[in-house]
Amino acid sequence: MGVSPETPATSTPGRARRADMKIGIIGAGNIGGNLTRRLTALGHDVSVANSRGPHTLKELADETGATPVRVEEAARGAEIAVVAVPLKAVPDLPSGLFDEAAEGLAVIDTGNYYPQRDGRIAGIEDEGLTESRWTERQIGHPVVKAFNGTYARDILDRHRPVGDPERMALPVAGDDEAAKRKVRDLIEELGFDTVDAGGLDDSWRQQPGTPVYGLRGSVDDVTRALAEASPERPQELRG
């Protein structure tokens with residue numbers, strides 16, 4: 001899920017497929033790797049980077065046709081960038097990472113805070129920031145929270161056409177409505193419905209330990225789960 005160790009509104013179903021986009025993916029683990037596989041299969045121009053360098057991504061590039069690049073180059077010209085790294089690695093991302101991105105760049109944050117992996121993050125624990133608000137401050141660019149509670153394998157196996165009774169819905173939170181719409185359109189193109197989970201300060205509703213986290217459900221199921229969430233962080237997810 002996400003990059004882990006393994007008043008919401010409803011979805012806007014099935015928009016027409018837009019033109020192919022340039023997409024940068026930072027992190028080639030389970031979520032980043034499977035998004036690379038699906039997005040290239042849909043015809044998008046995908047650049048993918050990880051902390052170990054392009055030479056370690058040859059197998060993924062050969063499989064998918066994605067372009068392996070250095071992290072510093074991942075968002076160059078991108079209309080959408082995906083940050084799919086552990087939270088502890090976010091502060092180490094290069095400054096100016098999005099300076100050469102396309103105008104109107106939407107940044108997807110797939111991350112989750114696990115203190116046992118990431119160490120204690122004071123901004124989350126003491127200031128009460130949502131995980132994605134903390135990430136946004138670290139990278140200096142607005143983010144849209146999505147895929148953080150999605151099983152990586154589902155990206156490959158559980159996509160369905162519009163109207164299919166088994167089509168899953170994913171929650172999407174963010175403050176920039178245009179960026180959020182762009183991300184929702186992409187998710188719907190990937191074969192999933194979406195539910196608007198509110199602004200980034202509402203994104204605690206989809207963090208680990210909430211009813212929607214890991215939920216394989218419909219728009220109604222996801223909407224209900226978001227409404228049932230508690231802002232109290234579970235004890236086992238505190239540092």
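User: Before we look at this predicted model, what is a nonpolar core, and which residues of the largest one touch the most other members?

Analyst: Happy to start there! A nonpolar core is a set of buried Ala, Val, Leu, Ile, Met, Phe, Trp, Tyr and Cys residues joined through side-chain atoms within 4.5 Å. In this predicted model, the largest such core has 30 residues. The members that touch the most others are Leu 35 and Phe 147.

User: Is Ala 152 buried or exposed?

Analyst: Ala 152 is part of helix α6. Buried means under 20% relative accessible area. Because Ala 152 has a relative accessibility of 3%, it counts as buried.

User: Why do the buried residues of α8 lie on the same side of the helix?

Analyst: Good one to check in the viewer! Helix α8 spans residues 219-228, and its buried residues are Val 219, Val 222, Thr 223, Ala 225 and Leu 226. They share one side of α8 because the arc they cover around the axis is only 165°.

User: Which strands do those buried residues of α8 pack against?

Analyst: The face of α8 turned away from the buried side carries the exposed residues Asp 220, Ala 227 and Glu 228. On the buried side, the packing partners are β7 and β8.

User: Which element gives the most to the lining of the largest cavity?

Analyst: The largest cavity holds about 80 Å³ of space. Its lining includes Phe 147, Ala 169, Leu 170, Pro 171 and Val 222. By class, that lining has eight nonpolar, four polar and no charged residues. With three residues, the element giving the most is β7.

User: How many charged residues are in the lining of the second largest pocket?

Analyst: This pocket has about 270 Å³ of space. Of its 18 lining residues, the closest to the centre are Trp 204, Gln 207, Pro 231, Glu 232 and Arg 233. The lining divides into eight nonpolar and six polar residues, and the charged ones number four.

Terms used: Residues are numbered from 1 along each chain as its sequence is written. This is a predicted model: local features need pLDDT of at least 70, side-chain atom pairs count only at pLDDT 80 or more; totals for chains, interfaces and linings use all residues. Side-chain values use heavy atoms; hydrogens and water are left out. Buried means under 20% relative accessible area, exposed over 50%, partly exposed in between (1.4 Å probe, protein chains only). Helices (H or I, at least four residues) and strands (E, at least two) are DSSP runs, numbered from the N terminus. The arc is that of the directions from the helix axis to the C-beta atoms. Contact means heavy atoms within 4.5 Å. On a 1 Å grid over the protein atoms alone, a cavity is a set of points where a 1.4 Å probe fits but cannot get out, and a pocket is an open set with protein on both sides within 12 Å along at least five of seven lines; lining residues have an atom within 4 Å of a point. Grid points are joined across faces, edges and corners, and a volume is the space filled by probe spheres set on the points. Ala, Val, Leu, Ile, Met, Phe, Trp, Tyr, Cys and Pro count as nonpolar, Asp, Glu, Lys and Arg as charged, and the others, Gly among them, as polar.
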